[in-house]
Amino acid sequence: MSGALPSAASLYRRVWRVIPPGEWAAFSDDIEAILALKRERNAVILAHNYQTPEIFHCVADIVGDSLALARKAMTVEAQVIVLAGVHFMAETAKLLNPNKTVLIPDLGAGCSLAESITAQDVRLMRQRYPGVPIVTYVNTSAEVKAESDICCTSGNAKAIIESLGVPRVIMLPDEYLAHNIAAQTDVEIIAWQGHCEVHERFTPADIRELRENHPGVTVLAHPECPPDVVAEADFSGSTAAMSDYVETQKPPRVVLMTECSMSDNVALAHPDVEFIRPCNLCPHMKRITLANIRSALEENRHIVTIDPCVAERARWAVERMLFV
């Protein structure tokens, strides 16, 4: 990593519209330490779109949705990767970089979807539906990926399913994503009953209330939301697709039905767009902080490890997705 380190003052100019000066004062020491530690350790930070702005805009080197992070993880040259996201994302980074050190700042940063299914569940589904391909959402453990035929994200699920050229697939574990994709394709989709604890809380009534209170608002919904929520929205897509929609369509007033830090991060790039913020926080994403990113780099914690037998099969499912 070369060049002069940015100053805390220059970084604050990126985020001043969403972080008050008093909060920034509490962040600046950690930010400066992290920037120095990245250089000392030959490290990069990958941050998901749901990370808070002081992480997303000030210390992250690579940002994006699950698909973007998976793709970009393959090109990382640094020896240490810190994943500012949840555990399955850190596992995915490790699968794609088996010879690098991958750190997750908090082992408690999990995922309700990943916790909704086990490898044994997948094996039982395969027994119940012999010969039916299993498409597994990346929001799963490495053990579950290892039992799958191919992975997908919310951004490429339809393309992945249709690429298999079969009349029926099993799609795990997000029930709502499976139903929302089923509405877009002729492929029959057998779903699991896993839900995202953030997106399942949104309701059609929420959207109707938003439209009443904010006339003319454009509603963008993540496909992990229930199908009746997606039906009420103006557009549904992954976090990357929602960000692209704002970039290209420039709606005067918009609401993103997803984790609320996403709105802060997108809003900073679009000061001319009014963002309405219904706030559903992901408690797992919010376990990642500047303080524990700093500790991860200082103390080399927590190192992500995957059983080699599991990793080989899980890596195949992820790489197969990336090359579709």
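# Reading a domain interface and its salt bridges

Analyst: In this predicted model, 13 residues of domain 1 are in contact (heavy atoms within 4.5 Å) with 14 residues of domain 3. Residues are numbered from 1 along each chain as its sequence is written, and side-chain values use heavy atoms, with hydrogens and water left out. Local features need pLDDT of at least 70 and side-chain atom pairs count only at pLDDT 80 or more, whereas totals for chains, interfaces and linings use all residues.

User: Into which domains is the chain divided?

Analyst: Domain bounds come from an automatic or database domain assignment. Here, domain 1 comprises 6-109 + 283-301, domain 2 comprises 110-195, and domain 3 comprises 202-274. The centres of domain 1 and domain 3, taken over C-alpha atoms, are separated by 25 Å.

User: What area is buried between domain 1 and domain 3?

Analyst: The size of an interface is often given as the accessible area lost when the parts come together. Buried area here is the accessible area (1.4 Å probe) that two parts lose on being put together, summed over both. For domain 1 and domain 3 this is about 1100 Å², and carbon and sulfur atoms give 52% of that area. On the side of domain 1, R17, N49 and Y50 lose the most area to domain 3, together 48% of what that side buries.

User: How many salt bridges and polar contacts does one find between domain 1 and domain 3?

Analyst: A salt bridge is a side-chain nitrogen of Lys or Arg within 4 Å of a carboxyl oxygen of Asp or Glu. The rule finds one salt bridge across this interface. A polar contact is a pair of N or O atoms within 3.5 Å; within protein, one must be able to donate a hydrogen and the other to accept it, and residues adjacent in sequence count only if both atoms are side-chain atoms. Nine residue pairs, both members at pLDDT 80 or more, are in polar contact between domain 1 and domain 3. Helices (H or I, at least four residues) and strands (E, at least two) are DSSP runs, numbered from the N terminus. Both α1 (8-15) and α3 (53-56) supply at least two residues of the side of domain 1 that touches domain 3. The residues of that side divide into five nonpolar, four polar and four charged. In this scheme, Ala, Val, Leu, Ile, Met, Phe, Trp, Tyr, Cys and Pro count as nonpolar, Asp, Glu, Lys and Arg as charged, and the others, Gly among them, as polar.

User: How many salt bridges does a search of the whole structure find?

Analyst: The search finds 14. One of these pairs is D30 with R294, whose closest N and O atoms are 2.8 Å apart. The pair links distant parts of the chain, 264 residues apart: D30 in helix α2 (residues 21-41) and R294 in helix α14 (residues 290-299). D30, R294 and E298 are linked in a network of salt bridges.

User: Is D30 buried or exposed?

Analyst: Buried means under 20% relative accessible area, exposed over 50%, and partly exposed in between (1.4 Å probe, protein chains only). D30 counts as buried because its relative accessibility is 17%. R294, at 26%, counts as partly exposed.

User: Where in the chain do K158 and E162 lie?

Analyst: An α-helix has 3.6 residues a turn, so residues three or four places apart point the same way. K158 and E162 are four residues apart in helix α8 (residues 157-163), and are therefore separated by about one helical turn. The two form a salt bridge, with the closest N and O atoms 3.3 Å apart. K158 is partly exposed at 30% relative accessible area, and E162 is partly exposed at 38%.

User: Which residues of α14 are buried?

Analyst: The buried residues of α14 are L290, N292, I293, S295, A296 and L297. Their cover includes α2, β1 (43-48), α3, β3 and β4 (101-103). Strand β3 (residues 80-84) holds V80, which counts as buried at 4% relative accessibility. Leaving aside its neighbours within four places in sequence, V80 is in contact with R41, N42, A43, V44, T101 and L103. The C-alpha atoms of V80 and N42, 38 residues apart along the chain, are separated by 6.3 Å. After α14 comes N300, whose phi is positive, near 55°.
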